[in-house]
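Please take the sequence and the model below together.

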Amino acid sequence: MLFQDLKAFVTVVDSVSLTKAAQTLCLTQSAVSRRIQHLEETLGEALFDRSTRPPSPTAIGRRVYEKAVALLQDAELLLNIPQENATPSGRFRVGLTQIVADAVAFELVTRMREQLPGLELQIVTDWSSELEQQMLLGELDAATLMLPAANSPPASLQAQLITTLDILVVQSKHTPLVPAAATINDLAAFEWVLNPKGCGYRAALEAAMGGRGHTLKLAVDTQGAAMQMRMVAGGLGLGLIPEKLLHSSAHADALSIVDISDFRLQMGVWLTHSPQPGNLRQANELLAEGIADGLRECCR
């Protein structure tokens, strides 16, 4: 009832005419008048000076009008939240794994701001395990997950596979540590430049070495593919990088690929979101398109 009363009041002020307001609201003039009177009774103050023609808002009426306009706009946004065909609005909380963020974040944000200017974009980066937990807790609206190719996200999340990445072992081309063709046993004797614990492909490498009785040796534990590849190119250790991102690396010419006969790692890049996206459905679609295009572009 209050919503309808406020809408009638705002429409009368905007129309500067009870007759025009009634036509806009598809109501009779008496119905509009009753709504205004009910609002005045609720607030305990007259909202129009009826001694003027047409009646003009009182000082209190003008203040109520300003707040009512904002409230009605917020109410419209609220009512649109469950509507999948509505224009996305409000905050869109997106989680990206570091590799995906490094590859697509700038272009992705630019595209989404251009196409959905009413959306407030919030991006966080973390490991897939952390992003998955935040998705399950409802703390994120969408997130990319990097999972071993044989795995898939929890069934409670809506998910689509964006692409599959082959993860390569690389070393310095100028100061190589191992032969171009090697085994896990060969690699175990050397140090690595890798992401901190929590990284999916570091965990897979540790598991492969552990299965053969070896322990992974770290030279440097740091985030950021660009920094890692610079260190690997400088001969500080072996490294891991998705094949699609190797060629776009600033250090690609100083790196060589090691062919591992008994170890192959593929990671699926998934986009997950709630099965009830509401008016964020279009934002999810644009996010998936932007990530796919970004990964494809950076790998040319």
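What follows is a walk through selected elements, single residues and spaces of this model.

The model is predicted, so local features are given only where pLDDT is at least 70 and side-chain atom pairs only at pLDDT 80 or more, while totals for chains, interfaces and linings use all residues. Residues are numbered from 1 along each chain as its sequence is written, and side-chain values rest on heavy atoms, with hydrogens and water left out. Helices (H or I, at least four residues) and strands (E, at least two) are DSSP runs, numbered from the N terminus.

Val-16 sits in the loop between α1 and α2, and Cys-26 in the loop between α2 and α3. Neither is a glycine, yet phi is positive in each: about 55° at Val-16 and near 60° at Cys-26. Most residues other than glycine have a negative phi, and most peptide bonds are trans. Val-16 counts as exposed because its relative accessible area is 53%, and Cys-26 is exposed at 69%. Here buried means under 20% relative accessible area, exposed over 50%, and partly exposed in between, with a 1.4 Å probe and protein chains only.

Helix α3 covers residues 29–43, which makes 15 residues. From its first C-alpha to its last it reaches 21 Å, close to the 21 Å expected at 1.5 Å a residue; the expected span is 1.5 Å times one less than the number of residues. Its buried residues are Ala-31, Val-32, Ile-36, Leu-39 and Glu-40. An α-helix has 3.6 residues a turn, so residues three or four places apart point the same way. The buried residues of α3 pack against α1 (2–15), α2 (18–25) and β1 (48–49), where contact means heavy atoms within 4.5 Å. After α3 comes Gly-44, with a positive phi near 75°.

The peptide bond that joins Arg-53 and Pro-54 is cis, with omega about -5°. Pro-54 is partly exposed, because its relative accessible area is 43%. Pro-54 and Arg-212 lie 158 residues apart in sequence, and their C-alpha atoms are 89 Å apart in space.

Pro-82 belongs to another loop, the one between α4 (59–80) and β3. With a relative accessibility of 56%, Pro-82 is exposed. Which residues does Pro-82 touch, not counting those up to four places away in sequence? They are Gly-278 and Asn-279. The C-alpha atoms of Pro-82 and Asn-279 are separated by 6.0 Å, although the two are 197 residues apart along the chain.

Further along, strands β8 (residues 191–194) and β9 (residues 217–221) run parallel and are joined by four bridges; two strands pair if DSSP finds at least two bridges between them. Trp-192 stands opposite Leu-218 in β9. With helix α8 (residues 200–210), these strands make a right-handed β-α-β unit. Right-handed means that, with the strands pointing away from the viewer, the path from the first strand over the helix to the second runs clockwise.

Helix α9 (residues 225–233) contains Gln-228. Its relative accessible area is 2%, and therefore Gln-228 is buried. Leaving aside residues up to four places away in sequence, Gln-228 touches Val-193, Leu-194, Asn-195, Thr-222, Gln-223 and Leu-240.

Two kinds of space remain. On a 1 Å grid over the protein atoms alone, a cavity is a set of points where a 1.4 Å probe fits but cannot get out, and a pocket is an open set with protein on both sides within 12 Å along at least five of seven lines; lining residues have an atom within 4 Å of a point. Grid points are joined across faces, edges and corners, and a volume is the space filled by probe spheres set on the points.

The largest pocket holds about 340 Å³. Its lining has 19 residues, and those nearest its centre are Ile-81, Asp-141, Gln-276, Pro-277 and Leu-280. β3 (90–96) and α6 (128–136) each supply at least two residues of that lining.

There is one cavity of 30 Å³ or more. The largest cavity has a volume of about 150 Å³. It is lined by 17 residues, with Thr-97, Trp-127, Met-146, Asn-195 and Cys-199 closest to its centre. α5 (98–115), α8 and α9 each give at least two residues to this lining, and α5 gives the largest share, three residues.
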